[in-house]
Amino acid sequence: MKTNAFALRHIGPRATDLQHMFDTVGVKDMDQLLYETFPDKIRLEKDIVLDPAMTEYEYLAHATALGAQNKVFKSMIGLGYNEAIVPAVIQRNIFENPGWYTAYTPYQAEIAQGRLEALLNFQTTVIELTGMEIANASLLDESTAAAEAMALLFDVRTRDQKKNNVNKFFVSEEILPQTLSVLQTRSTPIGVELVVGNHETFNFSEEFFGAILQYPGKYGQVFDYETFINQAHSKSITVAVAADILSLVRLKSPGEMGADVVVGTTQRFGIPLGFGGPHAGFFATKEEYKRSMPGRIIGVSQDANGNRALRMALQTREQHIKREKATSNICTAQVLLAVMAGMYAVYHGPQGLRRIANEAHAKAVTIETELTKLGFEQLNDSYFDTILVKTDAAKVKAIAEAKEFNFYYVDANTVSISVNETISLADVNSVISIFAEVAGKSFEAITEFSQEALIPVKLERTSTFLEHDVFNTYHSESQLMRYIKKLERKDLSLNHSMISLGSCTMKLNAAAEMLPLSNPNWNNIHPFAPADQTKGYLTMLHKLEQQLNVITGFAGTTLQPNSGAQGEYAGLMVIRAYHESRGEGHRNIALIPASAHGTNPASAAMAGMKVVVTKTTAEGNIDVEDLRAKAELHKDNLSCVMITYPSTHGVYESSIIEITDLIHANGGQVYMDGANMNAQVGLTNPARIGADVCHLNLHKTFAIPHGGGGPGVGPICVAQHLVPFLPTNPVIKVGGDNAITAISAAPYGSALVCLISYGYISMLGADGLKQSTMTAILNANYMKARLSEGYDVLYSGERGRAAHEMIIDCRMFKAKGIEVTDIAKRLMDYGFHAPTVSFPVAGTLMIEPTESEDVAELDRFCDAMLSIRKEIEAVTAEDTNNVLKNAPHTLAMLTAETWEQPYSREKAAYPLEYVAENKFWPSVRRVDDAYGDRNLVCSCAPMEAYMEA
Ligand SMILES: *Cc1c(COP(=O)(O)O)cnc(C)c1O
């Protein structure tokens with residue numbers, strides 16, 4: 001390998017480390033390790049073939065050249081996507097900063113206070129602008145958020161006895177087309193019947209449990225929904241409103257009109273278009289629905305000293321607890337984008353947001369005024385930023401595209417024009433000139449915007465918003481830069497130390513993979529831009545699909561799902577469509593092993609399947625006989641099995657082919673959860689083990705950063721017979737010939753970040769990928785060997801080896817009063833983020849080092865774990881005042897006047913030598929989860945409000 005090969009930057013261990021690692025593991029070489037790890041019968045016969053690996057330098061040039069094939073026109077298409085100005089201070093200090101983008105989901109609250117605060121700002125922004133009581137810390141996009149709203153309203157309908165058997169949901173025809181498509185997908189399997197119509201003529205009847213409206217309507221008309229909502233409520237029909245977040249600065253909020261749920265996207269709060277994503281969807285509702293709310297809610301609580309501390313609230317209702325009773329499968333969300341959108345609100349504050357909204361309105365009014373002068377008819381009688389013009393659409397299109405402008409062409413005689421933050425006076429003049437040309441008239445350039453407001457008085461927002469200090473303090477760049485840094489310093493990310501999260505695969509997110517994302521040729525493209533403007537994207541996305549086809553051994557891929565769980569859902573819906581196409585639509589049983597990730601049964605339930613749980617053996621493997629018995633019992637109705645491979649226990653089960661065969665023999669399809677694909681790439685693949693469809697987590701295996709809990713991309717790859725069913729989009733046709741309706745809003749989901757995975761695969765090439773997989777296995781087995789000095793590894797393969805991750809058992813320490821959480825918190829004092837806690841087995845830690853960690857880092861982590869093991873040895877169950885129970889230790893605690901612990905300050909904070917060199921200080925002491933759940937506060941209300949609660 002050349003010394004400038006990207007693989008040598010991506011992979012941690014050096015060639016000179018290998019012998020020591022093999023010796024520690026107890027093997028001669030990599031071949032022997034693989035032999036002892038990997039069932040022969042699933043090895044690929046031939047290595048996969050991809051284009052030769054590019055160096056980082058070559059890739060950057062390639063990405064620039066490819067990007068140049070995208071044409072950045074001024075986008076005035078709207079339809080839920082509006083070009084926004086990403087404040088440079090946010091772009092540089094968050095979007096391009098590994099301190100933010102490499103963080104994990106904030107499960108370990110004590111080392112995540114920074115992003116928790118940023119997310120609380122996001123929630124507060126959403127709550128106040130929508131006029132609702134609570135909000136979550138993001139959903140995947142507006143359309144899926146709308147589907148979540150429908151699911152919530154369907155779920156809570158039974159609180160009203162009369163509604164028990166009611167299944168109709170009214171959808172206003174003003175809804176965005178992509179949202180309608182996602183609602184169609186999501187309604188059918190759960191038994192909801194959609195009725196699409198005009199809200200002004202809707203006949204309120206008891207047969208409906210809920211309704212959804214778009215505010216403003218899809219082409220900009222602003223409706224007053226108050227009467228509709230009141231009438232709906234009088235028939236016990238609950239109402240969701242999909243709202244444009246910026247319009248709410250000017251318009252009366254849906255909350256003030258009585259809405260039960262408000263959803264939307266925060267894209268136009270400083271997030272790049274990115275050809276459709278990633279952007280943070282939002283979801284706000286009433287207090288009374290908090291326990292049915294999808295996604296993660298950030299709440300205020302307190303730490304062991306009674307100081308304010310944040311953490312994720314109401315964890316008990318997360319999908320991994322509810323499993324097949326879940327109504328949502330949201331796991332990965334859009335945290336990084338929510339952080340950015342929240343920061344946009346912090347930076348601009350209420351006054352800045354008012355200016356931006358007022359200007360958008362003024363520009364739209366100006367365009368209307370001038371177009372009317374030119375003789376055009378504008379159809380919206382009240383609007384915020386979007387006008388609808390009667391004209392010859394084809395003629396407008398030709399002239400507009402020549403001037404590099406995109407509008408939305410509703411039909412042959414109607415054009416919709418959406419104004420956004422970036423539209424300048426010159427742009428407004430260009431728009432007018434386009435229409436002057438269409439009209440064949442001359443036009444005089446305007447020099448200022450109209451001051452007229454075309455929002456009816458009763459729809460004007462009169463309530464205040466964002467009055468909290470945080471939105472009124474950081475308005476200069478120095479202030480915001482330091483605020484962002486202050487938060488960043490509280491968070492432990494991959495730029496401090498390894499994050500060995502089993503199943504979640506936190507590997508290097510290389511700078512070369514990330515850099516092209518900042519290029520406007522990539523990030524400033526509207527998802528509904530015409531195809532001749534998006535050639536670079538289409539080429540990149542199709543190449544990535546090809547690469548993933550090769551890697552999985554499958555025939556087709558869709559990149560549309562925005563997370564792994566969305567991929568699961570997409571895959572199951574494709575299976576469902578396949579059975580239906582063969583007249584076997586009755587097949588609805590999903591077999592799922594007990595050890596499955598919680599999203600598996602949740603996704604199956606959402607896809608209308610009945611979950612049958614199958615047993616796990618004492619060795620942690622799938623109980624093949626139990627599976628066989630259940631597959632045979634249900635053979636007439638078997639839809640599929642969902643299996644994770646290698647298993648969530650970190651083992652390559654050798655019975656896998658027998659398992660997939662027996663499912664096929666009973667008429668079922670095999671869904672492989674690809675979260676552990678990092679242990680397969682280049683060595684085996686889902687097609688080889690007999691699967692029909694799998695999802696991949698591009699944010700795990702393929703180097704997209706976790707962003708503190710998103711973005712994610714969860715493509716599904718399918719065998720030939722399932723290709724026709726891959727999902728489409730109603731605006732831009734994608735997917736198979738017999739496509740299911742949309743899974744996500746945008747045709748290619750979070751296209752912008754797909755570029756990261758494309759870079760990863762292109763720079764590693766087939767060899768580098770295989771090398772990565774083997775190194776991930778070596779690193780895991782090296783740690784297993786070292787850790788077995790102090791811990792029991794719960795499951796191993798037949799020859800005693802782990803796959804790419806392992807579970808260590810911490811349950812025996814309970815006798816000494818030590819819980820697995822104590823170990824997780826004590827690791828913080830050593831500068832480490834805990835591995836996965838209590839998944840898939842309660843009371844254990846699941847460790848996955850990945851290939852990107854070098855031996856020195858693996859050793860530091862193992863040293864920490866072994867040192868903690870000694871600390872456990874030293875404690876007694878009676879004495880709870882110990883270094884584990886008190887962990888993590890803060891700087892404030894260490895520097896306090898008094899120190900009353902029975903151990904030294906040095907032992908508390910500097911337990912090993914390496915720690916002193918690079919100390920990370922948790923910013924709060926142990927957070928009290930129960931306290932916060934009893935007193936749920938999820939906005940940055942003043943401290944007093946929180947004390948009273
Ligand atoms: C992460 C994970 C998922 C869910 O993926 P998201 O992208 O978080 O939705 C599903 N299954 C397994 C085994 C996982 O580790």
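Q: Which helix gives the most to the lining of the second largest pocket?
A: Helix H28, with 3 residues. Keep in mind that this is a predicted model.

Q: What volume does the second largest pocket have?
A: About 370 Å³.

Q: Which residues are the closest to its centre?
A: Leu 494, His 496, Ser 497, Met 498 and Glu 857. The second largest pocket is lined by 22 residues.

Q: And which helices supply at least two residues of that lining?
A: Helix H6 (98-101), helix H25 (855-874) and helix H28 (913-917).

Q: How do the residues of that lining divide into nonpolar, polar and charged?
A: There are 9 nonpolar, 8 polar and 5 charged residues in the lining of the second largest pocket.

Q: Switching to cavities. How many of 30 Å³ or more are there?
A: The count is 10. The largest cavity has a volume of about 270 Å³.

Q: Which residues sit closest to the centre of the largest cavity?
A: Leu 79, Gly 80, Asn 82, Asp 244 and Arg 268. In total, 23 residues line the largest cavity.

Q: Which strands supply at least two residues of its lining?
A: Strand S5 (208-215) and strand S15 (414-418).

Q: How many residues of that lining are polar?
A: 11 are polar. Another 7 are nonpolar, and 5 are charged.

Q: OK, sheets now. In what order do S9, S10 and S27 come?
A: The order is S10-S9-S27. These 3 strands form an open sheet with antiparallel pairing.

Q: Why is one side of S10 and of S27 left without a neighbour in the sheet?
A: Strand S10 (308-313) and strand S27 (927-928) are at the edges. Each has a single partner strand, so one side of each has no neighbour in the sheet.

Q: What holds strands of a sheet together in pairs?
A: Backbone hydrogen bonds, and the pairing can be parallel or antiparallel.

Q: How many bridges are there between S9 and S10?
A: Strand S9 (residues 297-303) pairs with S10 over 6 bridges, in the antiparallel sense. Look at Gly 299 as one spot to check: Arg 311 in S10 stands opposite.

Q: Which helix packs on that sheet?
A: Helix H7 (residues 113-130). Helix H7 touches S9, S10 and S27, and its direction makes about 75° with that of S10.

Q: What about the sheet with S23 in it? What is the strand order there?
A: S23-S24-S26-S25. These 4 strands make an open sheet, and the pairing is antiparallel.

Q: Which are the edge strands?
A: Strand S23 (792-793) and strand S25 (836-837). Each pairs on one side only.

Q: How many bridges join S25 to S26?
A: There are 2 bridges between S25 and strand S26 (residues 844-847), and the two run antiparallel. Thr 836 has Met 846 in S26 as its bridge partner.

Q: Which helix packs on this sheet, and at what angle to S24?
A: Helix H23 (residues 751-787), with a direction about 15° from that of S24. Helix H23 touches S23, strand S24 (806-809) and S26.

Q: New topic: where does UniProt place the "Glycine dehydrogenase C-terminal" domain?
A: The unreviewed UniProt entry places that domain at residues 773-889. Over this span the chain is 38% helix and 10% strand. The end C-alpha atoms are 37 Å apart.

Q: And which residues does UniProt list for "Glycine cleavage system P-protein N-terminal"?
A: Residues 9-435 and 468-727, again from an unreviewed entry. Residues 468-727 are 33% helix and 13% strand, with end C-alpha atoms 43 Å apart.

Q: What kind of peptide bond joins Gly 710 and Pro 711?
A: A cis one, with omega about 20°. Pro 711 is in the loop between strand S21 (693-696) and strand S22 (716-718).

Q: Is phi of Glu 404 positive or negative?
A: Positive, near 65°, and Glu 404 is a residue other than glycine. Glu 404 sits in the loop between helix H13 (393-402) and strand S13 (405-406).

Definitions and conventions
Residues are numbered from 1 along each chain as its sequence is written. This is a predicted model: local features need pLDDT of at least 70, side-chain atom pairs count only at pLDDT 80 or more; totals for chains, interfaces and linings use all residues. Side-chain values use heavy atoms; hydrogens and water are left out. UniProt positions are given in the numbering used here, feature names are shortened, and annotations may be inferred rather than shown by experiment. On a 1 Å grid over the protein atoms alone, a cavity is a set of points where a 1.4 Å probe fits but cannot get out, and a pocket is an open set with protein on both sides within 12 Å along at least five of seven lines; lining residues have an atom within 4 Å of a point. Grid points are joined across faces, edges and corners, and a volume is the space filled by probe spheres set on the points. Ala, Val, Leu, Ile, Met, Phe, Trp, Tyr, Cys and Pro count as nonpolar, Asp, Glu, Lys and Arg as charged, and the others, Gly among them, as polar. Two strands pair if DSSP finds at least two bridges between them. Contact means heavy atoms within 4.5 Å. Axes are lines fitted to C-alpha atoms, for helices over the stretch in contact, and angles run from 0 to 180 degrees between N-to-C directions.
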